[in-house]
Amino acid sequence: MPEPRPLPQAADYLVPRDILARYDVAGPRYTSYPTAPEWRADFGEAAAFAAIAANNQERAGVPLSLYVHVPFCHKLCFFCGCNMLVTKKQDLVAKYLDAIEAEIARVAARLDPTREVVQIHWGGGTPTYLDPAQLERLFGALARHFKIRPDAEISLELHPAVTSFEQLATLRRLGFNRVSMGIQDFDEKVQETVNRIQPYEVTRDLIAECRRLGFLSVNTDLMYGLPHQTVEGFRATLAKVETLRPDRIALFNYAHVPWLKKHQSVFKEEWLPAPATKLEVFELAIRNLLGQGYRYIGMDHFAQPTDELTIAQADGSLRRNFMGYTTCADSDLYAFGPSSIADLDRAYLQNERNVNAYIELVGKQELPVVRGMDLTDDDRLRREVINRLFCLLRVDKADVGARFGIDFDTYFADALAALAPCAADGLVVLEPGFIHVTPRGQILLRNVAMVFDAYLAKTPPEARRFSRTV
């Protein structure tokens with residue numbers, strides 16, 4: 001192991017503007033590698049069953065993580081990049097619950113029942129769109145078919161403006177012990193523009209109730225780059241967040257991708273903050289959150305020094321997947337519901353995105369998987385390197401080489417050569433046996449990881465349909 005490095009200060013994360021300009025390109029966020037555009041559109045039920053069978057055999061005894069996608073929302077937040085559906089049709093919700101129960105049962109029947117579940121996460125949409133009875137029904141489907149470890153991390157995303165104290169009490173009784181809630185920005189003009197009205201007092205009272213009920217962790221999301229966002233306005237938001245003292249804060253870069261998310265077209269280009277303003281907001285947030293005592297984890301997360309994410313990064317067990325940063329390093333992720341993605345040791349499986357089509361597929365065949373990919377040994381090796389960059393901020397070449405049976409410097413000679421400009425710009429430090437990501441490089445982690453992406457090199461920069469890295 002390398003020697004521990006001094007705790008970075010806020011100034012260490014500031015990147016000169018000329019360097020930022022050179023790295024401002026389209027690039028993946030690397031919640032997976034290979035990234036979703038590389039997956040096969042003909043990867044259906046038969047391929048999915050084969051991947052599940054192989055995983056169950058090769059990973060005997062390895063614990064499981066479960067993801068459930070609840071796609072419904074009461075209204076559309078215009079910045080949203082998630083797969084969601086605004087509806088008031090309770091008959092559709094009932095059909096969805098029927099379908100997801102059937103999917104859970106069919107997948108569980110093909111897995112070793114002794115494989116324990118160490119993590120469950122519900123995302124959306126808005127999981128608290130479901131009423132208490134529906135929440136209980138959905139969780140009951142998981143509890144009937146899987147062995148959930150008593151100390152499992154069980155979390156969900158919620159929207160404070162549509163979540164009741166009764167729902168919180170139901171969730172806590174079922175065993176949920178963590179919640180994550182979006183804030184984005186408390187500025188009223190920003191909230192009106194993005195169609196998400198969420199008063200500070202509502203958020204404050206819901207967090208207080210979560211703590212009263214005994215939830216172990218309360219996490220919040222902030223977003224920079226939103227329409228009409230200003231430095232002073234976000235300073236006021238950060239002051240309010242400080243009074244809430246969440247255990248973790250995710251600071252997301254708004255991805256303006258109207259070619260993928262048509263509803264984002266309601267934002268006029270002149271409403272979006274200028275690049276210089278956006279960077280000022282981002283740097284303000286870093287200074288503020290570090291000043292509050294948070295540690296900067298990976299690319300976009302901040303956590304209290306005693307939080308599990310901070311501890312996991314220090315001991316090398318932190319991992320990143322479609323649920324974000326997680327402490328459950330060695331587990332296979334099975335996912336249920338429309339658009340959900342299973343992240344297995346050697347495969348990705350993605351369900352049909354459209355809710356009605358998902359329901360129809362479950363009724364016609366055993367699994368609603370429509371896209372996916374079997375991973376090669378090279379895919380798994382590069383995924384490991386990228387994961388270590390994003391989570392541990394370092395790569396131990398000897399350790400990776402021993403695990404995959406390669407000489408790191410020989411195998412990655414081209415990538416290391418491509419990494420040289422990053423080293424010259426102070427984004428990484430290349431030492432014998434190690435690659436270290438610097439605080440400056442942490443801001444540009446996507447760019448650092450891109451040199452190890454074998455697929456990206458085959459795609460011309462102008463054809464890359466990703467959000468900007470800066």
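Arg346 has a relative accessibility of 34%, so it counts as partly exposed. The structure described here is a predicted model.

Arg346 makes a salt bridge with Glu58, and the closest N and O atoms of the two are 3.2 Å apart.

## Other salt bridges

Side chains of opposite charge can pair when their charged atoms come close. Across the whole structure, 31 salt bridges are found. One of them joins the side chains of Arg59 and Asp330, at 3.0 Å from N to O. Here too the partners come from distant parts of the chain, 271 residues apart: Arg59 is in the loop between H2 and strand E1 (64-70), and Asp330 is in the loop between strand E12 (324-326) and strand E13 (332-336). Arg59 is buried, because its relative accessibility is 14%. Asp330, at 47%, is partly exposed.

A further salt bridge, 2.9 Å from N to O, is formed by the side chains of Asp409 and Lys397. Asp409 lies in helix H14 (residues 408-411) and Lys397 in helix H13 (residues 397-404), so the bridge ties together parts that are 12 residues apart in sequence. Asp409 has a relative accessible area of 41% and is partly exposed, whereas Lys397, with 12%, is buried. Salt bridges also form a network, which links Glu153, Arg178, Arg248, Asp307 and Glu308.

## Strand E13

Five of the five residues of E13 are buried, so this strand is largely enclosed by the rest of the structure. In a regular strand the side chains alternate between the two faces of the sheet. In E13, Asp332, Tyr334 and Phe336 point one way, and Leu333 and Ala335 point the other way.

E13 pairs with E1 in the parallel sense, over five bridges. Within E13, Ala335 has Tyr67 standing opposite.

## Nonpolar cores

The largest nonpolar core contains 135 residues. Those that touch the most other members are Tyr96, Trp122, Leu138, Phe336, Leu349, Leu389 and Phe452. Helix H3 (residues 90-108) gives the most to this core, contributing nine residues. Phe336, listed among these core residues, is also one of the buried residues of E13.

Leu349 is in contact with residues from several stretches of the chain, leaving aside those up to four places away in sequence. Among them are Phe43, Ala48, Ala51 and Ile52, along with Ile341, Ala342, Val369 and Arg371. There is also a second, separate core of 13 residues, which includes Cys73, Cys80, Val190 and Phe267.

## His301 and its surroundings

His301 is part of strand E10 (residues 301-303). The relative accessibility of His301 is 12%, so this residue counts as buried. The side chain of His301 makes a polar contact of 2.7 Å with the side chain of Asp300.

Beyond residues up to four places away in sequence, His301 touches Ile249, Ala250, Phe252, Arg295, Tyr296, Leu309 and Tyr325.

Methods: Residues are numbered from 1 along each chain as its sequence is written. This is a predicted model: local features need pLDDT of at least 70, side-chain atom pairs count only at pLDDT 80 or more; totals for chains, interfaces and linings use all residues. Side-chain values use heavy atoms; hydrogens and water are left out. Helices (H or I, at least four residues) and strands (E, at least two) are DSSP runs, numbered from the N terminus. Buried means under 20% relative accessible area, exposed over 50%, partly exposed in between (1.4 Å probe, protein chains only). A polar contact is a pair of N or O atoms within 3.5 Å; within protein, one must be able to donate a hydrogen and the other to accept it, and residues adjacent in sequence count only if both atoms are side-chain atoms. Contact means heavy atoms within 4.5 Å. A salt bridge is a side-chain nitrogen of Lys or Arg within 4 Å of a carboxyl oxygen of Asp or Glu. Two strands pair if DSSP finds at least two bridges between them. A nonpolar core is a set of buried Ala, Val, Leu, Ile, Met, Phe, Trp, Tyr and Cys residues joined through side-chain atoms within 4.5 Å.
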